There are 4 protein chains.
Amino acid sequence: MLVFAQFGAGRIGAIHAANLAASGGARLAHVVDVHEAAAASLAARHGAESSDALTALRDPAVGAVIIASSTDTHADLVIAAAKAGKAIFCEKPIDLSLARVDQAIAAVQAAGVPMLVGFNRRFDPSFAELHRRIRTGAIGVVEQVVITSRDPGLPPVEYLRVSGGQFRDMTIHDFDMARWMLGEEPVEVFAYGAALVDPAVAAVGDTDSCMVLLRTASGRMAHINNSRRASYGYDQRVEVHGSLGRLMAGNRVPTTVEQADAQSDSREKPLHFFLERYADAYRLELAAFIEAVTHGTPVPVGAQDGRQALMLAEAALRSLRDNRPVKVSEVA
Amino acid sequence: MLVFAQFGAGRIGAIHAANLAASGGARLAHVVDVHEAAAASLAARHGAESSDALTALRDPAVGAVIIASSTDTHADLVIAAAKAGKAIFCEKPIDLSLARVDQAIAAVQAAGVPMLVGFNRRFDPSFAELHRRIRTGAIGVVEQVVITSRDPGLPPVEYLRVSGGQFRDMTIHDFDMARWMLGEEPVEVFAYGAALVDPAVAAVGDTDSCMVLLRTASGRMAHINNSRRASYGYDQRVEVHGSLGRLMAGNRVPTTVEQADAQSDSREKPLHFFLERYADAYRLELAAFIEAVTHGTPVPVGAQDGRQALMLAEAALRSLRDNRPVKVSEVA
Amino acid sequence: MLVFAQFGAGRIGAIHAANLAASGGARLAHVVDVHEAAAASLAARHGAESSDALTALRDPAVGAVIIASSTDTHADLVIAAAKAGKAIFCEKPIDLSLARVDQAIAAVQAAGVPMLVGFNRRFDPSFAELHRRIRTGAIGVVEQVVITSRDPGLPPVEYLRVSGGQFRDMTIHDFDMARWMLGEEPVEVFAYGAALVDPAVAAVGDTDSCMVLLRTASGRMAHINNSRRASYGYDQRVEVHGSLGRLMAGNRVPTTVEQADAQSDSREKPLHFFLERYADAYRLELAAFIEAVTHGTPVPVGAQDGRQALMLAEAALRSLRDNRPVKVSEVA
Amino acid sequence: MLVFAQFGAGRIGAIHAANLAASGGARLAHVVDVHEAAAASLAARHGAESSDALTALRDPAVGAVIIASSTDTHADLVIAAAKAGKAIFCEKPIDLSLARVDQAIAAVQAAGVPMLVGFNRRFDPSFAELHRRIRTGAIGVVEQVVITSRDPGLPPVEYLRVSGGQFRDMTIHDFDMARWMLGEEPVEVFAYGAALVDPAVAAVGDTDSCMVLLRTASGRMAHINNSRRASYGYDQRVEVHGSLGRLMAGNRVPTTVEQADAQSDSREKPLHFFLERYADAYRLELAAFIEAVTHGTPVPVGAQDGRQALMLAEAALRSLRDNRPVKVSEVA
């Protein structure tokens with residue numbers, strides 16, 4: 001029975017806590033949040049205690065932590081948890097600064113604890129099955145990857161101000177997906193970006209729409225298109241072209257109902273947003289972490305994966321700023 | 001907190017017990033099964049006790065029972081649970097004999113306890129959404145219903161021997177679906193049936209393939225086609241034609257992956273069988289029961305629904321035997 | 001160069017004449033129609049002459065006739081063309097009376113001329129491909145066939161008065177399709193029918209909605225559902241279940257455009273009606289006739305196919321009248 | 001009756017000649033080809049004469065020419081036809097050199113004759129309907145365009161040697177599509193390209209796989225991905241994201257047949273290549289040209305469209321060579 005302390009009792013924290021409760025072989029002991037009421041409420045729901053960070057990390061019963069607090073606290077918590085010898089499940093990104101990420105990774109390596117970075121999409125059953133087929137050679141050698149990733153609606157501008165920008169906050173998931181599907185590390189990035197949805201986004205120095213190209217050393221290519229607003233719902237698709245064929249994984253719909261009438265022939269729109277679309281992925285991600293920690297096997301998405309995706313975001317930012325392709329090695 | 005006793009610790013019993021554990025507001029206290037080891041194992045997994053029927057029904061803490069034991073025990077357990085004043089969740093069918101069904105219903109009515117009959121497909125999100133749209137008038141007045149319902153593979157002949165026959169064991173789900181979608185009671189049934197899959201089925205006096213027509217008083221029509229063997233998986237589709245349009249609910253697939261290569265362009269086959277396809281339905285069905293019992297509101301699929309579907313099965317059997325359309329009133 | 005005389009210059013006649021013009025190896029010489037202006041106009045468009053029947057049939061250059069005039073003239077024209085030694089392409093049905101059909105067939109056999117009956121759907125690329133796969137064993141032994149065939153809107157009641165009724169006018173296409181897909185002759189028919197769309201249909205003694213079951217000697221089954229009104233367009237689908245799998249051929253759409261917005265995710269509705277849906281089929285049907293006549297090979301859909309489908313319609317009518325399954329041998 | 005002379009009797013010439021024959025209101029009088037046998041054969045099939053260029057252009061009955069000969073002859077023929085006062089239907093590209101294109105356009109403008117450049121995909125019913133919906137505001141303001149365009153197989157290396165390279169030969173269609181869908185002129189291009197399919201392609205200095213980004217002045221973006229080899233067939237899709245929604249136009253399939261069996265659930269692969277996929281487009285393109293010339297209305301895709309797409313190809317080539325985004329104005 002793996003005992004957890006969880007940092008963060010917000011929306012994503014509530015999901016992890018519920019998945020923990022439903023999983024076999026694990027138990028939530030502590031919930032820590034600066035909003036004590038939120039911590040207390042979530043703790044009560046799952047038979048845990050509302051604690052402070054120190055208490056939680058000092059509890060010898062605790063074998064693992066979930067870090068689902070605000071991004072700026074991740075690195076400190078990773079370092080503290082590593083020093084306390086706990087296995088770490090950390091929401092992405094580890095930090096918005098590569099230097100801080102490196103400090104966190106160094107602490108994890110020094111402590112020799114396992115750490116999973118929350119690129120939940122790798123656990124989406126459709127993307128995972130697509131990737132499994134690539135590995136089995138179903139489409140031969142991968143040549144091109146096309147990733148469509150569009151959010152249903154613009155978040156509040158206050159959020160954008162602290163998000164680290166579209167590349168580090170949103171595209172980072174797609175950078176990870178591109179790396180995973182390409183099967184070879186991108187060495188160069190080129191990016192276009194603009195505030196097409198709302199000028200308020202430009203006013204805070206960010207973009208809400210972008211198109212990115214990536215290139216690997218052997219010439220494989222990937223394209224990512226993002227928008228912060230897709231009126232029809234959360235648009236999450238991956239398409240991979242190989243020497244022997246094409247694999248696609250599309251959106252998921254709430255039901256299979258189709259309605260044809262004098263006006264139209266329509267099916268359901270995609271599941272609304274990440275909580276709905278990736279509900280299975282969050283569950284399977286935590287299960288994989290528990291499984292790996294319990295059996296001492298490697299965690300499936302490690303700290304280096306978090307670092308690598310952030311480097312691609314940095315390169316994309318520089319590419320957008322300078323309007324030129326940027327070598328990943330420039331920002332390493 | 002609604003406390004349950006459950007009869008039956010087999011495959012379907014395990015599903016109900018797990019859904020109970022995951023639901024809020026309910027708790028499993030007793031598991032009863034003639035296979036004591038199975039009862040003990042399931043009880044242990046969910047913090048319940050392995051009990052005998054008498055103990056379970058006499059426990060004043062118990063407010064509700066789940067009857068998921070073999071069909072021949074359903075009626076007796078319904079009657080006993082009703083006399084004990086427990087709310088009843090009973091797997092379909094209540095019994096294979098209309099007379100026994102009537103005894104069970106009489107006991108339930110005398111006791112004034114709520115009873116849900118497990119037509120789980122009504123809780124399938126796709127079929128439920130289709131039905132919701134009918135009710136909202138999306139396709140006007142219902143005129144024709146087409147139900148496709150095909151199992152992946154033939155069960156063992158020993159099972160067929162005690163199953164009550166294809167109409168009472170398999171088609172009964174579709175009879176319920178037809179009634180629900182038609183929105184008007186069928187008054188007549190015509191059925192063709194044959195053992196096309198395996199002559200061993202004919203040897204036990206049963207069919208493995210059938211096509212049925214139903215007619216309501218106002219002239220609405222429904223068609224059901226069944227087979228005990230669909231090599232590509234569990235084929236479960238409903239199509240409803242109304243004065244203003246058509247609604248269809250199709251199969252669900254494990255993932256959205258599509259693969260195109262020199263040989264073919266293929267998507268995933270349907271989810272394998274009822275445990276996979278109706279996993280959500282089982283969960284939502286039990287939640288609806290708990291909700292209704294807890295709040296004293298009507299249960300969504302009652303004993304009369306169980307009786308009515310069985311009558312259609314009886315009429316179909318007589319139609320097949322006599323090769324003529326049979327009025328439902330003949331078998332009432 | 002096969003020279004044609006064509007009877008009938010209406011809507012369907014115009015299609016055949018245009019397909020003739022576009023085909024290689026054939027030429028239209030005469031157009032005959034009681035509406036002389038229509039005949040003259042169509043003839044002019046294709047470099048033919050507007051003639052009377054006698055002239056057309058006496059022209060020794062004419063090797064083949066297309067009979068696309070009103071149904072009540074078909075049998076007489078078939079007999080006259082047969083006597084004149086012309087190859088015959090006759091729109092369905094040959095006649096509404098089996099006795100007249102038999103006279104026409106006798107004349108054709110006596111003359112030894114080829115005759116194709118216009119079951120155009122056999123030439124629809126999708127249905128033809130589906131049938132081709134059945135023949136190659138793709139789904140093993142055929143067990144069940146489900147045919148959905150729904151017209152976009154009710155024709156004028158005046159038409160219904162002379163149409164011969166829904167079974168002989170509309171379902172007859174599906175009876176032919178069922179025979180073709182079953183690969184074995186149906187021996188019994190059961191039919192439900194009603195005027196659900198418009199009471200005016202009942203007033204002329206007809207139905208606008210029906211559901212039919214057919215059974216072959218070895219126990220294969222087919223279902224047909226028809227409606228005279230499908231608000232979303234012409235719904236033409238065939239589904240065949242065999243021992244090894246399932247084949248389906250669905251509707252065709254004008255374009256592949258899909259639109260997703262805040263309201264819905266919709267694709268195009270099916271092609272509007274038979275002229276649009278079966279445009280390819282009409283072209284391929286005539287090409288197959290020209291090919292067969294030119295090379296002296298058998299025509300693909302013969303007079304007996306026309307007779308057999310009509311018998312199924314007769315059986316269905318009697319089944320509806322008497323509310324009982326009717327052996328096809330009763331109406332032979 | 002518009003009378004045509006056609007240059008080129010190869011594969012694409014045969015298609016234009018057949019479409020001309022089937023169209024109303026036009027007639028083919030001359031076929032010119034350096035392969036005289038090919039010219040004679042095609043001319044005979046359509047009641048035309050095999051002529052030399054001078055004869056054809058001097059024939060006062062000729063009102064229009066179709067230029068479907070090899071690319072290196074296009075510009076000369078355009079200039080000669082313009083001087084002869086003929087309306088011009090010219091296969092793309094006008095020439096591989098912008099300077100030669102400008103000479104051709106100057107001649108056309110001086111003569112005041114209409115000229116259509118054969119970007120046939122604009123006449124594909126699906127892409128045309130998609131574009132029509134953009135114009136009607138169905139998805140609001142266009143923001144991003146994604147074009148997938150992949151050929152079934154590598155052409156012979158000899159062809160690649162004279163093709164002008166992937167951007168000028170293949171991507172040029174997609175550059176035109178991007179311009180058309182964006183509704184605003186691209187001002188900058190960035191391109192990745194590689195020979196991933198066959199090293200022989202690199203040996204002739206070309207690419208067989210590429211990914212391109214385009215940007216307009218207002219910040220709209222487009223992505224194109226190309227491959228010379230898609231084992232599953234000709235992959236031609238367009239996806240447009242606007243402020244109010246998404247439009248997609250996908251591949252077309254030969255039939256709607258779907259087959260489900262123990263191995264897979266598969267539909268037909270896309271139509272094989274451009275002759276099949278764009279058969280309708282070629283027909284509609286020529287009809288639009290005849291219509292415009294006959295009625296003196298503007299031709300739908302003019303010489304400037306040909307020039308503009310070629311400029312984007314030039315910019316892409318320079319981008320690939322220099323590995324930097326290239327302003328279109330650099331190559332104007």
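Predicted model: local features only at pLDDT ≥ 70, side-chain atom pairs only at ≥ 80, totals over all residues.
1. Extent of the interface of chain D and chain A. Here 47 residues of chain D are in contact with 47 residues of chain A. The two chains bury about 3400 Å² between them, and carbon and sulfur atoms account for 56% of this area. On the side of chain D, the residues that lose the most area to chain A are D:Tyr192, D:Met211 and D:Leu213, which together give 20% of what that side buries.

2. One of the salt bridges joins the side chains of A:Arg237 and D:Glu239, with an N to O distance of 2.6 Å.

3. The largest share, seven residues, belongs to β9(D). Sorted by class, the side of chain D that touches chain A holds 18 nonpolar, 17 polar and twelve charged residues.

4. Extent of the interface of chain D and chain C. In this case 25 residues of chain D are in contact with 25 residues of chain C. The buried area is about 1900 Å², of which 47% lies on carbon and sulfur atoms. Within chain D, the residues losing the most area to chain C are D:Thr256, D:Val257 and D:Gln259, and together they supply 28% of what that side buries.

5. C:Arg133 forms a salt bridge with D:Glu268, and their closest N and O atoms are 3.9 Å apart. On the side of chain D that touches chain C, at least two residues are supplied by each of α6 (125-135), β12 (245-249) and β13 (258-261) of chain D. The residues of that side comprise ten nonpolar, seven polar and eight charged.

6. Strand pairing between chain C and chain D. Strand β13 (residues 257-261) of chain C pairs with β12(D) in the antiparallel sense, over five bridges. In this pairing, C:Val257 has D:Ala249 of β12(D) as its bridge partner.

7. Aromatic pairs. Over all chains, the count is 30 aromatic pairs. One of them is the edge-to-face pair of C:Tyr234 and C:Tyr278, with 5.9 Å centre to centre and 85° between the planes. C:Tyr234 lies in the loop between β10 (221-227) and β11 (235-242) of chain C, and C:Tyr278 in the loop between α10 (274-277) and α11 (279-295) of chain C, so this pair ties together parts that are 44 residues apart in sequence.

8. The parallel sheet of chain D. In chain D, six strands form an open sheet with parallel pairing, in the order β3-β2-β1-β4-β5-β6. Each of the edge strands, β3 (49-50) and β6 (115-118) of chain D, has a single partner strand, so one side of each is left without a neighbour in the sheet. Within chain D, strand β1 (residues 2-7) runs parallel to strand β4 (residues 64-67), and four bridges join them. D:Gln6 stands opposite D:Ile66 in β4(D).

Notes: Residues numbered from 1 in each chain as written. Chains lettered and ligands numbered in written order. Heavy atoms only, no water. Contact = heavy atoms within 4.5 Å. Buried area = accessible area lost by both parts, 1.4 Å probe. Salt bridge = Lys/Arg side-chain N within 4 Å of Asp/Glu carboxyl O. Nonpolar A, V, L, I, M, F, W, Y, C, P; charged D, E, K, R; others polar. Pairing = 2+ DSSP bridges. Phe/Tyr/Trp six-rings, centres within 6.5 Å; stacked < 30°, edge-to-face > 60°.
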